[in-house]
Amino acid sequence: MADPRPDRSPEAPRDRRALGGPGVLLVVVYGVLALAATGRSVLQISEYFDRAPLAYLLSAFAAVVYVLATWCLARGGSWVRVGIVACAVELVGVLVVGLASYLVPSAFPDKTVWSHLGAGYGYVPLVLPVLGLLWFRRVERGARAVPATHPAPSSGDEGTAASPE
Amino acid sequence: MAGVIAPLTYVVVGLAVVLCVAAVWYAVRDRLIDDRLLVVAALVEVGLLALLVAGLADLGHITDDAEKATFVAYLVSLPVIPVGTSFLAIKEKSRWAMGSIAVGAFAVGVMAARLAQIWMSYG
C-alpha cells in the first residue's frame, strides 16, 4: 500500500485513527487517570469496602470507564463511537457525583475520583471528558471528510494550512 | 532498607522534573525522541523499579492500612508510565508525543512526591 500521507502530519487524521496528533496526549492523560482510578478502587474494595460502599462502587465504575475510554482513544476506528459514549458517561458521572458530593456529603464518607468535581485530581476528571469528546468529534469529521478511497492529493494547492519545510 | 526510600523518592522526583522539562523543550523545538531523552526516561524507570523493590521490602513501616494500600497502588502503577509514554513516542513521531512524555513525567513527579509524603509521615 503506497500511502501518500507524509510521515509527520500534525493536521487532522485522514482515517478514524484516533492516535495522531493531540490524540497521543489524551491517551496518556487518560491512561494515567485510568491507572490511578483502577489502583485506588481495587484497593478500596479489597481492603475496606464496608467503609463507604457507594463511593467505592462509583470508583470502580469510573475506573472501568476510564480504561475503556483509553482503549478507544488508542484504537480509533469503530471504537470511536464507543469512546464518545464513554466520555459522555464520564462527563455525566463527574457532574452528578461532583454535585451530589457537595449537596449530600454524608452519602460519600470517602472520596471517589469524581467527588467534588474531581478536585482531588486537579479537576482533570472534569476537563478530560470534554477534551475527549472534542477530539473524538474531530476524528469523526476527519473520517467523514475523506471518503474511503483516498483521493490523490492534487499537487500543491491543497494543503494551504501546512507550510512546507 | 528503610533509610533508602525517602532519598530515592527525591532522586526520582528530580529525574522526573528533568525528563518533563526536557520533553517540553523537545516539543517546543519540534524535535523527536532520541537516545538522549530515552536515557533520561530509562533513569527514571530504574529509579521507580528500585523504589518498588525497596518499598515492597519494607511495607511494615506504614501502619495504617488505607495509606499502605495507596502506597502500594502508586508503587506498582508508577513504573508503567515512563515505559508507556516512551513507547508511544517512538511509535508516534510527533511533537504531541513529546508532550505526552512531559505529561507522564509530571504525573510521575507528583505521584513520587506523594509517596515520599506518605512515607515521611511515619517518621
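This is a predicted model: local features need pLDDT of at least 70, side-chain atom pairs count only at pLDDT 80 or more; totals for chains, interfaces and linings use all residues.

Does B:Asp30 count as buried or exposed, going by its C-beta neighbours inside 10 Å?

Modeller: B:Asp30 counts as exposed, because it has 12 C-beta neighbours inside 10 Å. Residues are numbered from 1 along each chain as its sequence is written, and chains are lettered from A and ligands numbered from 1 in the order in which they are written.

Now the loop. B:Asp30 sits between helix H1 (2–28) and helix H2 (35–57) of chain B. Helices here are DSSP runs (H or I, at least four residues), strands are E runs of at least two, and both are numbered from the N terminus. B:Asp30 is not a glycine, yet its phi is positive, about 55°. B:Leu32 is found in the loop between H1 and H2 of chain B as well. B:Leu32 is partly exposed, because 15 other C-beta atoms lie within 10 Å. Its C-alpha atom is 8.1 Å from that of B:Ala89, although 57 residues separate B:Leu32 and B:Ala89 along the chain.

A:His116, not a glycine either, has a positive phi of about 50°. A:His116 lies in the loop between helix H3 (79–103) and helix H4 (124–145) of chain A. With 19 other C-beta atoms within 10 Å, A:His116 is partly exposed.

The largest nonpolar core has 77 residues. A nonpolar core is a set of buried Ala, Val, Leu, Ile, Met, Phe, Trp, Tyr and Cys residues joined through C-beta atoms within 7 Å. Those touching the most other members are A:Tyr30, B:Ala16, B:Leu19, B:Ala23 and B:Val44. The largest share of this core, 14 residues, comes from H1(A). Take B:Ala16. Beyond its neighbours within four places in sequence, B:Ala16 is in contact (C-beta atoms, placed from the backbone, within 7 Å) with B:Val44, B:Ala105, B:Val108, B:Gly109 and B:Ala112.

Chain A itself has four helices and zero strands. Of its 165 residues, 37% are buried. Among chain A contacts between residues at least 6 apart in sequence, 64% join residues at least 24 apart. H1(A) is mostly covered, with 19 of its 27 residues buried. Its length checks out: at 1.5 Å a residue, H1(A) should span 39 Å, and its end C-alpha atoms are 39 Å apart, which agrees. The expected span is 1.5 Å times one less than the number of residues. A:Ala74, in helix H2 (residues 53–75) of chain A, counts as buried because it has 20 C-beta neighbours inside 10 Å.

Then the interface. 21 residues of chain B are in contact with 19 residues of chain A. On the chain B side, H3, helix H4 (80–91) and helix H5 (95–120) each give two or more residues. The largest share, seven residues, comes from H5(B). That side divides into 11 nonpolar, seven polar and three charged residues. Here Ala, Val, Leu, Ile, Met, Phe, Trp, Tyr, Cys and Pro count as nonpolar, Asp, Glu, Lys and Arg as charged, and the others, Gly among them, as polar.

One helix pair spans the two chains. The axes of H1(A) (residues 22–48) and H3(B) (residues 65–77) come within 9 Å and cross at roughly 145°. Axes are lines fitted to C-alpha atoms, for helices over the stretch in contact, and angles run from 0 to 180 degrees between N-to-C directions. The crossing is right-handed. A crossing is right-handed if the near helix is turned clockwise from the far one by less than a right angle, and left-handed if anticlockwise. Among the residues that meet are A:Leu35, A:Gly39 and A:Leu43 from H1(A), with B:Ala66, B:Ala69 and B:Ala73 from H3(B). This contact divides into eight nonpolar, two polar and three charged residues.

H3(B) also packs within its own chain. Its axis and that of H5(B) come within 10 Å and cross at roughly 150°. That crossing is left-handed. The contact includes B:Phe71 and B:Tyr74 of H3(B), and B:Leu115 and B:Ile118 of H5(B). It divides into six nonpolar, one polar and two charged residues.

Methods. Two residues are in contact if their C-beta atoms, placed from the backbone, lie within 7 Å.
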